[in-house]
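Me: I'm new to this one. Can you walk me through its charged contacts?

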Amino acid sequence: MWRLVPPKLGRLSRSLKLAALGSLLVLMVLHSPSLLASWQRNELTDRRFLQLNKCPACFGTSWCRRFLNGQVVFEAWGRLRLLDFLNVKNVYFAQYGEPREGGRRRVVLKRLGSQRELAQLDQSICKRATGRPRCDLLQAMPRTEFARLNGDVRLLTPEAVEGWSDLVHCPSQRLLDRLVRRYAETKDSGSFLLRNLKDSERMQLLLTLAFNPEPLVLQSFPSDEGWPFAKYLGACGRMVAVNYVGEELWSYFSAPWEKRVDLAWQLMEIAEQLTNNDFEFALYLLDVSFDNFAVGPRDGKVIIVDAENVLVADKRLIRQNKPENWDVWYESKFDDCDKEACLSFSKEILCARVTVDHNYYAVCQNLLSRHATWRGTSGGLLHDPPSEIAKDGRLEALLDECANPKKRYGRFQAAKELREYLAQLSNNVR
């Protein structure tokens with residue numbers, strides 16, 4: 001397995017941010033002329049800023065016309081490059097408008113990694129191609145594993161990419177055909193045959209799959225078909241555009257009880273949909289926190305906005321191959337760790353069982369129950385219920401059993417009853 005980058009960077013502490021802001025004010029005073037120029041210039045029309053010059057070591061080109069024509073502009077503080085050192089995740093907010101439509105809408109721009117991770121990507125490509133840490137990426141890419149499927153290769157097969165990322169930790173041919181058929185960074189999408197992609201498009205596809213497969217998750221399981229993910233819009237170089245959903249789930253932590261109940265019910269419905277669906281793909285969320293979900297301001301719909309760590313298991317393939325204990329229900333082990341948003345799981349078991357409770361466990365432990373901790377708080381999204389609900393005790397009992405079951409297979413039943421109970425509460429409070 002080729003693991004290009006280490007796990008995600010931890011979040012900056014509050015004190016470090018304050019110190020950084022103080023330093024920033026000094027820099028702003030010292031560099032006021034360049035600050036003004038940065039504010040006035042639309043850097044999203046700059047090929048080098050978009051890192052279009054690094055293609056095919058990039059994420060795509062389908063939105064380049066929109067970027068280069070000035071249809072995408074940073075919002076307010078996003079124009080100030082001095083603030084980039086605070087933006088560890090390289091996520092920006094921007095406005096996008098089509099001339100024919102009139103008006104603008106908000107979009108989210110992502111580089112899919114930190115500056116350090118992107119630099120490591122470049123170095124790893126160069127070292128594999130030339131043995132040196134720096135090189136011409138355009139010349140180097142055809143000499144790496146990302147070019148192994150160039151030429152007259154018919155299919156993207158499991159043997160070629162298995163283990164490259166969570167998305168393809170245990171890929172089936174059916175999943176890979178879906179990835180290629182729905183690949184949005186080509187004009188000839190709709191076919192599962194690799195031969196319909198240009199060599200540059202194949203390399204972009206494989207690089208995205210290895211570095212951060214989030215765009216491929218959004219494309220393969222699109223919101224237009226009812227999947228609970230943000231809508232993928234396009235890419236230019238190393239800048240990916242997705243639809244803006246709304247405020248992150250964390251901003252609703254202190255919302256009225258009625259709102260939190262509805263959000264909790266939606267989260268459990270998402271866990272169910274990703275676990276059991278007509279397509280027989282189980283999508284397991286390996287990174288579950290309040291920051292990875294957002295809520296639509298108009299419809300109040302909960303959407304997953306960070307899909308980098310999603311493992312997809314093909315239940316049809318599991319039933320066909322029948323690995324050891326494939327039909328034994330798998331219960332995830334409760335992990336009472338001292339860190340925020342931690343989960344305990346085995347990728348190998350997720351790939352080898354048909355019936356798994358991982359998504360229920362992840363949502364209950366990290367978001368809903370008293371075990372959920374985030375940004376110094378505890379109690380989960382359903383903290384401080386009304387007195388009559390607290391006195392009844394049913395909600396607390398279901399949440400505890402869902403997070404840390406005391407009975408064998410208790411989480412499966414608790415998750416089912418919790419979904420029904422939250423639906424009942426939602427109907428009662430509306």
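Reply: Here is a quick tour of the salt bridges in this predicted model.

Me: How many salt bridges are there in the whole structure?
Reply: A search of the whole structure turns up 20.

Me: Pick one. What does lysine 54 meet in a salt bridge?
Reply: Aspartate 122. Their side chains come to 2.6 Å, N to O.

Me: Where do lysine 54 and aspartate 122 sit in the chain?
Reply: In distant parts, 68 residues apart. Lysine 54 is in the loop between helix H3 (47-50) and helix H4 (64-68). Aspartate 122 belongs to helix H5 (residues 115-130).

Me: Are those two buried or exposed?
Reply: Both lysine 54 and aspartate 122 are buried.

Me: Which residues are linked with them in a network?
Reply: Arg238. Salt bridges link Lys54, Asp122 and Arg238 in a network.

Me: New topic. What about aspartate 224 and lysine 231?
Reply: Their side chains form a salt bridge at 2.9 Å, N to O.

Me: Why does aspartate 224 count as exposed?
Reply: Because its relative accessible area is 60%, and exposed means over 50%. Lysine 231 has 32%, so it is partly exposed.

Me: And glutamate 280, which side chain does it meet?
Reply: That of arginine 316, at 3.0 Å, N to O, in a salt bridge. This pair also links distant parts of the chain, 36 residues apart. Glutamate 280 is in the loop between helix H11 (257-275) and strand E7 (281-285). Arginine 316 is in helix H12 (residues 315-321).

Me: What is the relative accessibility of glutamate 280?
Reply: Glutamate 280 is at 24%, so it counts as partly exposed. Arginine 316 is partly exposed too, with a relative accessible area of 41%.

Notes. Residues numbered from 1 in each chain as written. Predicted model: local features only at pLDDT ≥ 70, side-chain atom pairs only at ≥ 80, totals over all residues. Heavy atoms only, no water. Salt bridge = Lys/Arg side-chain N within 4 Å of Asp/Glu carboxyl O. Helix = DSSP H or I, 4+ residues; strand = E, 2+ residues; numbered from the N terminus. Buried < 20%, exposed > 50% of the residue type's maximum accessible area, 1.4 Å probe, protein only.
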